[in-house]
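Biologist: Can you walk me through this model? I'd like to start with the aromatic rings.

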Amino acid sequence: MQPSGHRLRDIEHHPLLAENDNYDSSSSSSSEADVADRVWFIRDGCGMVCAVMTWLLVVYADFVVTFVMLLPSKDFWYSVVNGVVFNCLAVLALSSHLRTMLTDPGAVPKGNATKEYLESLQLKPGEVIYKCPKCCCIKPERAHHCSICKRCIRKMDHHCPWVNNCVGEKNQRFFVLFTMYIALSSVHALILCGLQFISCVRGQWTECSGFSPPVTVALVTFLCLEGLLFFTFTAVMFGTQIHSICNDETEIERLKSEKPTWERRLRWEGMKSVFGGPPSLLWMNPFVGFRFRRLQFRPRRGGPEFSV
């Protein structure tokens, strides 16, 4: 299986295969176009629970903001403006969450370490390439194996259970948008909670909410705690992601202190490579590039992911 003229090593770190080499073998279970038409999803119990909890907490926040704080307010425009802003942030956050969770992060095809594929690479004599012994694939440069996804992921930053997916080359922009919109909605919720407490204290808890004072206090207090936790977590993640993008270095590469063997794209060049194109409002839009996928169940062997 090992052609003459180059060496094939079973190793997981420091791969030397170019990042833009694509697998194009007739022995593959599906073509690249077929893969692009399917939705990526990881069947991981912990990840699915965390993803559902994320949605439930956002829905809870929207319920408290809308029905406990805004609708009972006597100021019409205060309710309308804040309701529209908060719900837009919530929709954008959940949309970014879905795009992160259901987008292939850059998985390398399994089992592509075949004789035909190696010959198609047209390797130079003595050139060393690396094969992942866990998923039997030729590892591109900067790819790492995820033990949860059971796949090698291009430019893998980390595996996040809250989005039930790896953050990698193809979905990092959606993860950045998710953390940004959650942080913004958390700040907005905290401001509304503070204004609500002031209003209730001044009105002696008589007309500040349609719920009883104890229920109102409990709902708003829990929302404050949720907002503080969400804001702290997502603000830190947003900052680390922007730092990683501007330095063209993933979190795994930073933790392992890997010396770059690639030409770094720093600052704006790194941002443009992740978000696509020059700076514009489209960077903030999680719906860019969205299209409906084929709804066709395809069980996959040897891994926890499935496609629809």
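Biologist: How many aromatic pairs are there?

Modeller: The count comes to six aromatic pairs in this predicted model. Rings of Phe, Tyr and Trp (its six-membered ring) pair if their centres lie within 6.5 Å; planes under 30 degrees apart are stacked, over 60 edge-to-face, and the rest tilted. Because the model is predicted, local features need pLDDT of at least 70 and side-chain atom pairs pLDDT 80 or more, while totals for chains, interfaces and linings use all residues. Residues are numbered from 1 along each chain as its sequence is written, and side-chain values use heavy atoms, leaving out hydrogens and water.

Biologist: What sort of pair do Phe63 and Phe211 form?

Modeller: Phe63 and Phe211 are edge-to-face. Their centres are 6.3 Å apart, with 75° between the planes.

Biologist: Where do those two sit in the chain?

Modeller: Phe63 is in helix H2 (residues 45-70), and Phe211 is in the loop between H5 and H6, so the pair ties together parts 148 residues apart in sequence. Helices here are DSSP runs of H or I, at least four residues, and strands are E runs of at least two, numbered from the N terminus. Phe63, Phe67 and Phe211 form one aromatic cluster.

Biologist: Is Phe63 buried, partly exposed or exposed?

Modeller: Phe63 is partly exposed, at 32% relative accessible area. Phe211 is also partly exposed, at 33%. Buried means under 20%, exposed over 50%, and partly exposed in between (1.4 Å probe, protein chains only).

Biologist: What about Phe275 and Trp283?

Modeller: Their ring centres are 5.3 Å apart and their planes are at 25°, so that pair is stacked. Both residues are buried.

Biologist: What else does Phe275 touch?

Modeller: Besides Trp283, Phe275 touches Arg173, Val176, Leu177 and Ile245, not counting residues up to four places away in sequence. Contact means heavy atoms within 4.5 Å.

Biologist: Now the core. Which residues touch the most other members of the largest one?

Modeller: Phe175, Tyr181, Ile182, Ile245 and Phe275 do, out of 22 residues in that nonpolar core. A nonpolar core is a set of buried Ala, Val, Leu, Ile, Met, Phe, Trp, Tyr and Cys residues joined through side-chain atoms within 4.5 Å.

Biologist: Which helix gives the most to it?

Modeller: H5 does, with seven residues.

Biologist: Last topic. Where does UniProt put the feature "transmembrane region"?

Modeller: The unreviewed UniProt entry places it at residues 48-70, 76-94, 174-198 and 218-238. Residues 48-70 are 100% helix, with end C-alpha atoms 32 Å apart. Residues 174-198 are 100% helix too, with ends 36 Å apart.

Definitions and conventions:
UniProt positions renumbered as here; feature names shortened; annotations may be inferred.
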